[in-house]
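This report describes how the chains of one model are arranged and joined. Look at the sequence and the structure before reading on.

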Amino acid sequence: MSEEAVVVLAAVTVLGVLQQAYFSLQVIYARRKYSVSPPATAGPPEFERIFRAQANCSEYFPIFIAVLWMSGVFFSQGLSSLCGLLYLYGRLRYFHGYSEAAQRRLAPLYFSAQVLWVLIGFSVLGVFLSFCRVYLEVDLLLELGSALDLV
Amino acid sequence: MSEEAVVVLAAVTVLGVLQQAYFSLQVIYARRKYSVSPPATAGPPEFERIFRAQANCSEYFPIFIAVLWMSGVFFSQGLSSLCGLLYLYGRLRYFHGYSEAAQRRLAPLYFSAQVLWVLIGFSVLGVFLSFCRVYLEVDLLLELGSALDLV
Amino acid sequence: MSEEAVVVLAAVTVLGVLQQAYFSLQVIYARRKYSVSPPATAGPPEFERIFRAQANCSEYFPIFIAVLWMSGVFFSQGLSSLCGLLYLYGRLRYFHGYSEAAQRRLAPLYFSAQVLWVLIGFSVLGVFLSFCRVYLEVDLLLELGSALDLV
């Protein structure tokens, strides 16, 4: 795996980590503002929305990183990184929307879920094509190219 | 790291992501069925069991992915992928068992924990053997092979 | 990516997994001791502190692993692994401190957060230098070395 093949994925990963750090800091500020001391996680709805927004983003972070890299290594670094940036943008809007009202979390949540499904689709396709190359010694993309040339 | 050396690990990873997506959808359906709107996470026991089952699987997902890859890269891709599939099968049974009754989560939980310990064991062994190769310039598996030949 | 370049990161990763396994076992023991049966997560403060300590460590685990590897691969395996060990040590003190009193979680929490920021800094720097090499064909470290020679 060469440096060029993964450096953009690495940049998106680091950006994702910075976003998680930002969300964590928001929870710390909310704990102070609404006087909810650990280990309590229950409090006024304003606090609970911020807490749940961060918890939801944290829960999806490893899934996001896993498909970002599977899709980026086995399918396309460029397309995967672009999806990665869209996902992080969706999560930022989700976090701020949820902080304001439970209802306002929905649109960006659906958006980031859709981007995640695209990354999952790329991963499945990329790993399938790789399986064909390794175990069937068939490069389906190359075959497809030749077939299109013949048309 | 060649494509052949990791493509099966990648396939198991993508399968694990799909399983997490499936669990998340079950929580969304349960939220609707039992009328538990976010950010609330408390509700009837039927809902709480599904919520906790998904939370527990999410919590273990990054640990599973980490040992799957450490074990697969440093010890054996085949054995690790097999354990990976067993783990995901155990988690599926755990999720459905827990959805029905707290008691029914136990057998598949113990099963998947045991598989995880096997993966941890493979990781420790694989990383140890790699340390010996890199820093002591001793290939213990090769030495063991020669020793067995001499017997 | 050669074996030498990542084996120490792999060892720290496996150590991190073992630590998570240890924390999970502590929660299981605490559930028995304070009679808090799943799916409940509320109970006496002693239980809730242990539960939240483990939840917090779990939440940070994927972030830690991501920056450990980004920093280790793109910046320096040695420095990153050292920070990784310091982080895990901080988390161990955090877990035991939090188990005793909410107040006693703070010092090790700040310590491990600081180490995490160092790893994030290394990752940003490493990925930036890699971008310069790949897309601008400039090796800033080499340039810096030459500049220092000229002085």
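B:Glu3 is partly exposed, because its relative accessibility of 28% lies between the limits of 20% for buried and 50% for exposed. The model is a predicted one. B:Glu3 forms a salt bridge with A:Arg133, and the closest N and O atoms are 2.4 Å apart. A search of the whole structure finds 6 salt bridges over all chains. In this pair, B:Glu3 belongs to helix H1 (residues 3–33) of chain B and A:Arg133 to helix H4 (residues 106–135) of chain A, so the bridge joins two chains. A:Arg133 has a relative accessibility of 29% and therefore also counts as partly exposed.

Across the interface of chain A and chain B, the rule finds 1 salt bridge. At this interface, 25 residues of chain A are in contact with 26 residues of chain B. The area buried between chain A and chain B is about 2100 Å², and carbon and sulfur atoms give 75% of it.

## Chains B and C

C:Glu3 is partly exposed, with a relative accessible area of 27%. B:Arg133 is partly exposed as well, with a value of 29%.

The rule finds 1 salt bridge across the interface of chain B and chain C. Here 25 residues of chain B are in contact with 26 residues of chain C. Chain B and chain C bury about 2000 Å² between them, with 75% of it on carbon and sulfur atoms.

## A salt bridge inside chain B

B:Glu100 forms a salt bridge with B:Arg104, the closest N and O atoms being 2.5 Å apart. B:Glu100 is partly exposed, with a relative accessible area of 47%. B:Arg104 is exposed, because its relative accessible area of 53% is over the limit of 50%.

## How the copies are related

Two copies of a chain are related by a rotation about an axis and a shift along it. The copies use different surfaces, as 8% of the contact residues of chain A recur in chain B.

Chain B is superposed on chain C by a rotation of 120° with 0.0 Å of shift along its axis, again with an RMSD of 0.0 Å. Only 8% of the interface residues of chain B are also interface residues in chain C, so these copies meet through different surfaces.

## Buried residues

The largest nonpolar core has 82 residues, and those that touch the most other members are A:Phe64, A:Trp69, B:Phe64, B:Trp69, C:Phe64 and C:Trp69. Leaving out residues up to four places away in sequence, the contacts of B:Phe64 include B:Val12, B:Tyr87, B:Leu88 and B:Leu116.

C:Ser123 is in helix H4 (residues 106–135) of chain C. Is C:Ser123 buried or exposed? C:Ser123 has 0% relative accessibility and so counts as buried. With residues up to four places away in sequence not counted, C:Ser123 touches A:Val14, C:Val67, C:Met70 and C:Ser71.

## Annotated regions of chain A

The unreviewed UniProt entry gives the annotation "transmembrane region" to residues 60–88 and 109–136 of chain A. Residues 60–88 of chain A are 93% helix and 0% strand, with end C-alpha atoms 11 Å apart. Residues 109–136 of chain A are 96% helix and 0% strand, and their end C-alpha atoms are 39 Å apart.

Technical notes:
Residues numbered from 1 in each chain as written. Chains lettered and ligands numbered in written order. Predicted model: local features only at pLDDT ≥ 70, side-chain atom pairs only at ≥ 80, totals over all residues. Heavy atoms only, no water. UniProt positions renumbered as here; feature names shortened; annotations may be inferred. Helix = DSSP H or I, 4+ residues; strand = E, 2+ residues; numbered from the N terminus. Contact = heavy atoms within 4.5 Å. Core = buried A, V, L, I, M, F, W, Y, C linked by side-chain atoms within 4.5 Å. Buried < 20%, exposed > 50% of the residue type's maximum accessible area, 1.4 Å probe, protein only. Buried area = accessible area lost by both parts, 1.4 Å probe. Salt bridge = Lys/Arg side-chain N within 4 Å of Asp/Glu carboxyl O. Least-squares fit on C-alpha atoms with pLDDT ≥ 70 in both.
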